[in-house]
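Here are a few notes to read with the model open beside you. Take them one at a time and find each spot as you go.

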Amino acid sequence: MGRSSALDPLPSTIAGTVDSTSHDSQSPLLEVRRLTSSYIDGGMRLTALADISFTLNDEEFVAVIGPSGSGKSTLLDIIAGLIAPDSGTVSLAGEVLTAERRLGRSAYMRQRDLLLPWRTALDNAALALEARGMPRRQARVAAAERLDAFGLSAFAHAYPAQLSGGMRQRVALARTALAANRLFLLDEPFGALDALTRIEMQSWWLDLWERDRGAVLLVTHDVDEAIFMADRVLVLTPRPGRLCWTESIALPRPRTRAMVTDPLFIAHKEALLAALGLIAS
Amino acid sequence: MTSPPETISSPGSEPSVQHVIEARSDRSLASSQDGARASEAVSWSSARQMGSRWGAPILLAAGAISIWEIAVRLNATPPWLLPTPTLIAETIWTDRALLLDHAVVTLTEVLLGFLVAVVAGVLLAAVITGSPVIDRALYPLIIASQTVPIPALSPLLLIWLGYGLAPKVIVTALVAFFPIVVNTVDGLRSTDREIIDLLRSLGASRWTRFRLAHIPSALPSLFTGAKVAVAISVIGAVFGELVGAKAGLGYLLVRSTAQFQTPRVFAVVVMLALLGILLFSLVAIAERLLLPWRRFVTR
């Protein structure tokens, strides 16, 4: 199982087109500058994000927390290139890119697992490779090699409808990892799971990440999850979402479950709950 | 080493998908019995389901046919007015060569017409969903075209194209085409928006998105349309033959009626019904083979 890392880059044939490794080491992997975004709802123009700026370096794990409606998901949609912001820029590896050109440059995962019901677990994982034009057979072979590391080999030929919620989410994470980009955008990937499975999946994903890093931007509304997993936690205000607090997490890596009772963890939690306005500061 | 956090599978023992299905459908069953016995129980119950599904209609049909047989015999109704079911069966057997020859002609017309309808219908559906302009211009016309009773075009086609295969294939294709277009358009449009977003974020081109998401999610609807289409295809072909033909079950029907060979008319009707059932079953089997995942989703 430990022979190959789950997140190591793909053969140059695919990785080359993504250009994920050859960026200038001086510039951050992701830089968001003065991002503002709005949408029309019921004839009214509502601002989802207001003047958001931050950077994300390679091998860094940053969590974004905020109440519902603070535009967290919009932020990820913009970075992934699915929607264009009203104003502001997004740079990948030091290069300002339009939304269109950001497509295919990140590994984006939403809360819903979005597995294709007509594909087996293996073929769903391989989707990330096929989407960028790799032939089916080749994608399948490449995905099969990695499925082991995800603890999914025994379920490779099961359809999503035959899998439990945790397993489905794991297939979706495998697909995300196979996207072979350095930049991971995770939108509440564990949100739909029960509490115990959720804790297991957090540790499991951290284990995978420890091996080959990459940059992770995790959107969550779970303060504990943010502290447990991230190096830095960004706090957004209710709509319009503004960046109101940044908490650097001083807990050492690798993180262990026991740390959640560490006084340092509690101190971070107090600061973040205060930033969210949930307790008096 | 990453140890799988899920406890569904324990290392060493072969974890099977079957376990997961059972755990989802019936927890107490999965925990109290071993996998083999549980799956045996599943196949048993599906056999019983088949029995109760087909038992009632077969009994009902057998009852109706028996009453028909007895009533005709008691009344001494002449065969040219209403033959007994046994006489019809006898006619099918003695005329089997004749019936098969004409059935092959009709089957050829149906298959060709259906094939044309599937190809044209799927292509049109793809164009309609792909282009808003074509959608607005063409789709209303296609729907309006259904107010034209298509079999009524058969005489025209006869005038233009004669007594051969072509006019029957065209009528069949015209009849079968509509359910395929409408269902395929619905299927293509029902594709999950978020799945499309996922593929875009992965860098998939428009064609790749169509191939990986739109087409597979339209297939179940396409098959629904195809099942309707194949059943009415037989009607289309027979109508074409009724108007004017040199061979085919519809032609045999007209000829036998004119000669008051009523048992043979019934034999032809039975053959047509069997043809319809056969074609429908073939499409249904193709659906099961091509969409194996549906079995797990629809239940």
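1. Start with where the chains meet: 42 residues of chain A are in contact with 35 residues of chain B. Keep in mind that this is a predicted model. Between chain A and chain B, about 3500 Å² is buried, and carbon and sulfur atoms give 64% of that area. On the chain A side, A:Trp118, A:Ala131 and A:Gln162 lose the most area to chain B, together 19% of what that side buries.

2. Now for the charges. The rule finds 4 salt bridges across the interface of chain A and chain B. One to look up joins the side chains of A:Arg112 and B:Asp192, at 2.5 Å from N to O. For polar contacts between the two chains, the count is 6 residue pairs.

3. Which elements of chain A give two or more residues to the side that touches chain B? They are helix 4 (121–130), helix 6 (165–178) and helix 7 (195–212). Helix 7 of chain A gives the largest share, 5 residues.

4. Next, the rings. A search of the whole structure turns up 8 aromatic pairs over all chains. Take B:Trp68 and B:Phe266: their ring centres are 5.7 Å apart and their planes are at 55°, so this pair counts as tilted. The two sit 198 residues apart in chain B, with B:Trp68 in helix 3 and B:Phe266 in helix 12. B:Trp68 is partly exposed at 28% relative accessible area, and B:Phe266 is partly exposed too, at 24%.

5. Last, look back at chain A for charges over rings. The charged end of A:Arg170 sits over the ring of A:Trp204, 5.2 Å from its centre. Likewise, A:Arg257 has its charged end over the ring of A:Phe228, 3.9 Å from the centre.

Notes
Residues numbered from 1 in each chain as written. Chains lettered and ligands numbered in written order. Predicted model: local features only at pLDDT ≥ 70, side-chain atom pairs only at ≥ 80, totals over all residues. Heavy atoms only, no water. Phe/Tyr/Trp six-rings, centres within 6.5 Å; stacked < 30°, edge-to-face > 60°. Helix = DSSP H or I, 4+ residues; strand = E, 2+ residues; numbered from the N terminus. Buried < 20%, exposed > 50% of the residue type's maximum accessible area, 1.4 Å probe, protein only. Lys NZ or Arg CZ within 6 Å of the ring centre and 35° of its normal. Contact = heavy atoms within 4.5 Å. Buried area = accessible area lost by both parts, 1.4 Å probe. Polar contact = N/O pair within 3.5 Å; in protein donor to acceptor, adjacent residues only side chain to side chain.
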